[in-house]
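Welcome, and thanks for taking a look at this one.

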Amino acid sequence: MNQYSDIESLCDDKLFLSRAEECEISDELDILIQKAKRIIRELYPNEVYTYSLPEKGHRCNVKLIQNDTIKYIISFPDNTIKNDLREITRIKEALGLNRELIVYEEDGFCIMQIADEVIDWNRSIIVDCIKKLRQMHNSNLSINRAFVNNYRILEKKFRDSITDAKITELFGWDVSAWIDTEIMTYLNKYKPVLCHGDASYGNVLLFNNKAEWIDWELLQMSNPMFDIFYFFESLYSGNMMSEQMSIQDFLHVYYEDKNLSSKEKMNVICMGIYFLYWRILNNAKSGIIDEETIRVINRIKLFWQKKKFDAIYKYYMGDD
């Protein structure tokens, strides 16, 4: 990270500007820089800040640290997603999201404050995050955007013909074809709701001792279980939970222990199978043979062939 005495020094840095161009920032960059100068002068006139250079991606983020405890993130929008960002801002306001975090936001240009703390992923924090996802899913709000999540985003990171062949060899049957046809058919039939779309533990910040979901660029109409399973898988694979919770625990919190309809059960089953498959892909790409997950999928497939879907629910979801 480079040290600057003020934001003018940052904006005069040729390396900063070249990195901004790599991010494909719109021609309005200079206007946004001037706006950032004005706002930051008014809010923090006597501070010395540390800035990180922007990273290549859809948005250019400048991280600013003040007093070693509070971190401010300044985001400049890519022009190609500006309309999406307006829609996202509308949804966030309707749901009351991130109100305490936002210092300034307009047309995707945003200054947000966070506590510079490492989150202890205990049961209380995890439950709070699950409930906030449920609140969004049940909001009856919708977003108008072209992007649709067809569950292939995660797969594209790991899946190719070599990996498919390796997985088929491990299983002794074409598990990928089963996922592509039967499992995806059920998942795509489920009524889409407003979803975060990128509900990884890395997209949660702690502020005033409360967890807040951030990074709403993939906000979309999708399958609600995608958010829940993705959140679980990110914590599980990252070994982040200080108090261990199972996917059953996540679902009991999400559904408040209610009896699920047959459609809801089938959706849970299929999303669970999909994420087991994703775990296999992830491990196979890293050269890891996950024998336990292979055993679970093989057993589930036997139940599936016999149409014993309740047995799958009891076996996989721990429903007594």
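Directly after helix 10, E256 adopts a positive phi of about 55°. Please keep in mind that this is a predicted model. The chain holds 13 helices and 10 strands, and the points below visit a few of them.

**Helix 10 and helix 5**

- Helix 10 covers residues 247-255 and packs against helix 5, residues 123-137, at an angle of about 50°. The axes of helix 5 and helix 10 lie 9 Å apart.
- The crossing of helix 5 past helix 10 is right-handed.
- Helix 5 brings R123, I126, V127, I130, K131, R134 and H137 to the contact, while helix 10 brings D249, F250, V253 and Y254.
- By class, the residues in this contact of helix 5 with helix 10 are 6 nonpolar, 1 polar and 4 charged.
- Which residues of helix 10 are buried? They are I247, F250, L251, V253, Y254 and Y255.
- F250, V253 and Y254 take part in the contact with helix 5, and F250, V253 and Y254 are also among the buried residues of helix 10.

**Helix 8 and helix 12**

- Left-handed or right-handed, how do helix 8 and helix 12 cross? Their crossing is left-handed.
- On the helix 8 side, the contact uses V175, W178, E182, I183 and Y186. On the helix 12 side, I297, I300, K301 and W304 take part.
- Sorted by class, this contact of helix 8 with helix 12 has 7 nonpolar and 2 charged residues, and no polar ones.

- Strand 8 (residues 204-207) pairs with strand 9 (residues 210-213) in the antiparallel sense, over 4 bridges.
- F207 has K210 in strand 9 as its bridge partner.
- Together, strand 8 and strand 9 form a hairpin with 2 residues between them. In the turn, N208 has a positive phi of about 50°.
- Strand 8 is covered on both faces: V204 and L206 are buried on one side, and L205 and F207 are buried on the other.

**Y104 in strand 5**

- Y104 sits in strand 5, which spans residues 102-106.
- Buried or partly exposed, which is Y104? Y104 has a relative accessible area of 23%, so it counts as partly exposed, given that buried means under 20%.
- Y104 and I39 are 65 residues apart along the chain, and their C-alpha atoms are separated by 8.4 Å.

**The chain overall**

- Of the 320 residues in the chain, 52% are buried.
- Among contacts with a separation of 6 or more, 72% are between residues 24 or more positions apart.

Conventions. Residues are numbered from 1 along each chain as its sequence is written. This is a predicted model: local features need pLDDT of at least 70, side-chain atom pairs count only at pLDDT 80 or more; totals for chains, interfaces and linings use all residues. Side-chain values use heavy atoms; hydrogens and water are left out. Axes are lines fitted to C-alpha atoms, for helices over the stretch in contact, and angles run from 0 to 180 degrees between N-to-C directions. A crossing is left-handed if the near helix is turned anticlockwise from the far one by less than a right angle, and right-handed if clockwise. Contact means heavy atoms within 4.5 Å. Ala, Val, Leu, Ile, Met, Phe, Trp, Tyr, Cys and Pro count as nonpolar, Asp, Glu, Lys and Arg as charged, and the others, Gly among them, as polar. Two strands pair if DSSP finds at least two bridges between them. Buried means under 20% relative accessible area, exposed over 50%, partly exposed in between (1.4 Å probe, protein chains only).
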